[in-house]
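Good morning, and thank you for joining this group meeting.

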Amino acid sequence: MKLTLKIWRQENAKTKGKLVTYKLSDLSSDMSFLEMLDVLNEQLAVKGEPAVEFDHDCREGICGQCSLVINGQAHGPESHYTTCQTHLRSFKDGDTLIIEPFRANSFPVIRDLKVDRSSMDKIIQAGGYISSFTGMAPEANAIPIHHDIAESAFDSAACIGCGACVATCKNSSAALFVSAKVAHLAKLPQGKIERSERVLWMVNAHDEEGFGSCTNTGACAMVCPQEVQLLDIARMNYEYNRAKCISK
Ligand code: SF4
Ligand code: FES
């Protein structure tokens, strides 16, 4: 198949970027989207032109590194898929694809399609952990947890920290990301020690890193590759209000 790519090229956060057009042919529809970018970069290398920079690692939907907006949609046209799980069969022969980085004030462009998402790491550093004794690993069944609670905590823990929720939100809010971690740990006994402080620390870090406020549009959950639920945001709000009341 043939595709026309309009790709965002930008040298760094301080320079202006622009869409540059590339034409590719002889592509297999079974090729992954990132393989298609590899093909483009091979062709650019032969011509002595700089490669298009983009983030990726596992290419299996696990690490959350891939981060492209394809035709205006974070992670591309397939619902609840990562960019690396997207294949060219999702597009038609002859299509024009506009490929941009995840856009948010808290995600400055590093180069081309690659953005700095360390603002999300700072939120996790603020409270996305539990206190635990070091030494021998504790017996796995020492703390019984109801199956339904364990499953629900697993669903929240599935967040891969990709940032698609931020890139999609009109307010650039990371509420779904923060709520996934807050809800995951609030549901489990191991997370109870820092339960009240965690939500305050993480929400404060979210605001300090310049993410916007959540206005419950639900756009984030529509694109989340891990299907993190809006219910987690409700849980985060509950935990936040509870912590505020306790701290008074
Ligand atoms: S909540 Fe979903 S979209 Fe947001 S960072 Fe986690 S996995 Fe990505
Ligand atoms: S490269 Fe790891 S999730 Fe896409």
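**Pockets and aromatic contacts**

In the lining of the largest pocket, nine residues are nonpolar, three are polar and one is charged. Before I continue, please note that this is a predicted model.

The lining of this largest pocket comprises 13 residues in total. Those that lie nearest its centre are I130, S132, P138, I143 and Q190. The space inside the largest pocket amounts to about 320 Å³.

Let us move to the second largest pocket, with a volume of about 240 Å³. Its lining is made up of 15 residues, and nearest its centre lie A175, V203, C214, M236 and N237. Which elements give two or more residues to this lining? They are α5, spanning 175–187, α6, spanning 195–208, and α8, spanning 231–247. The largest share comes from α8, which provides five residues.

I now turn to the aromatic residues. How many aromatic pairs does a search of the whole structure find? The search finds two.

One pair is formed by F33 and F91, with 5.8 Å from centre to centre and 50 degrees between the planes, an arrangement classed as tilted. The two residues belong to distant parts of the chain, 58 residues apart. F33 is in helix α1, residues 33–46, whereas F91 is in the loop between β4 (73–74) and β5 (96–101). Are these two residues buried or exposed? Both F33 and F91 are buried.

The other pair brings together F107 and F211. Why is this pair edge-to-face? The ring centres of F107 and F211 are 6.0 Å apart and their planes stand at 80 degrees, so the pair is edge-to-face; the cut-off for that class is over 60 degrees. F107 and F211 are each buried.

Finally, I would draw your attention to a contact between a charge and a ring. The charged end of R103 sits over the ring of W8, at 4.2 Å from the ring centre.

That concludes my presentation, and I thank you for your attention.

Definitions and conventions
Residues numbered from 1 in each chain as written. Chains lettered and ligands numbered in written order. Predicted model: local features only at pLDDT ≥ 70, side-chain atom pairs only at ≥ 80, totals over all residues. Heavy atoms only, no water. 1 Å grid on protein atoms, 1.4 Å probe; cavity = no way out; pocket = protein on both sides within 12 Å on 5 of 7 lines; lining within 4 Å. Points joined across faces, edges and corners; volume = space filled by probe spheres on them. Nonpolar A, V, L, I, M, F, W, Y, C, P; charged D, E, K, R; others polar. Helix = DSSP H or I, 4+ residues; strand = E, 2+ residues; numbered from the N terminus. Phe/Tyr/Trp six-rings, centres within 6.5 Å; stacked < 30°, edge-to-face > 60°. Buried < 20%, exposed > 50% of the residue type's maximum accessible area, 1.4 Å probe, protein only. Lys NZ or Arg CZ within 6 Å of the ring centre and 35° of its normal.
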